[in-house]
Amino acid sequence: MIWLVGENIGDCWRPWVLGAAVPGRAVVSTFRLPRPLEALKNTAHEIGHLLGLPHCDARCCMRPVRHESQLVALPLALCWGCQKRLWARQGETLPRGGAA
Ligand SMILES: [Zn+2]
Ligand SMILES: [Zn+2]
């Protein structure tokens, strides 16, 4: 389950929080994200966590985001490594040539 909320979910210690996930549940705040594409990227990131993906340092939507400005450069897609991790979690292997 994922909640999309318009409220600020940060606090005085972590005002930049844009989303959070625990197993089975995630929340995404659009409070700091007026543009739909950044909200979509943030949602894709949290869905990745819901599917069991950790943060990733590659050019990938699972890169940790510490500020909303970083969402502009964040890809919407998963990197090759995360795609393989996701397929492995399903007990399958990635089809040949199936991803960039
Ligand atoms: Zn994250
Ligand atoms: Zn990745």
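Biologist: What should I know about the model itself and its numbering?

Modeller: This is a predicted model, where local features need pLDDT of at least 70 and side-chain atom pairs count only at pLDDT 80 or more, while totals for chains, interfaces and linings use all residues. Side-chain values use heavy atoms, leaving out hydrogens and water; chains are lettered from A and ligands numbered from 1 in the order in which they are written, and residues are numbered along each chain, as its sequence is written, from 1.

Biologist: Which strands stand at the edges of the sheet?

Modeller: The sheet is open, with 3 strands in mixed pairing and the order E1-E3-E2. Two strands each have a single partner, so one side of each lacks a neighbour in the sheet: E1 (2–5) and E2 (19–22).

Biologist: Which residue in E3 stands opposite Leu4?

Modeller: E1 and E3 (residues 25–29) pair in the parallel sense over 4 bridges. Along them, Ile2 stands opposite Ala26, and the residue opposite Leu4 is Val28.

Biologist: Which histidines are the protein donors of the zinc ion (ligand 1)?

Modeller: Donors are N, O and S atoms within 2.8 Å of the metal (3.2 Å for Na, K and Ca), and sites may look incomplete because water is not among the atoms. The spacing along the chain is H-x3-H-x5-H. Through their NE2 atoms, at 1.9 to 2.0 Å from the zinc, the donors are His45, His49 and His55.

Biologist: How far apart in helix H1 are His45 and His49 in terms of helical turns?

Modeller: His45 is buried, with 5% relative accessibility, and His49 is partly exposed at 23% (buried is under 20% relative accessible area, exposed over 50%, partly exposed in between, with a 1.4 Å probe and protein chains only). The two are 4 residues apart in H1, so their separation is about one helical turn.

Technical notes. Two strands pair if DSSP finds at least two bridges between them.
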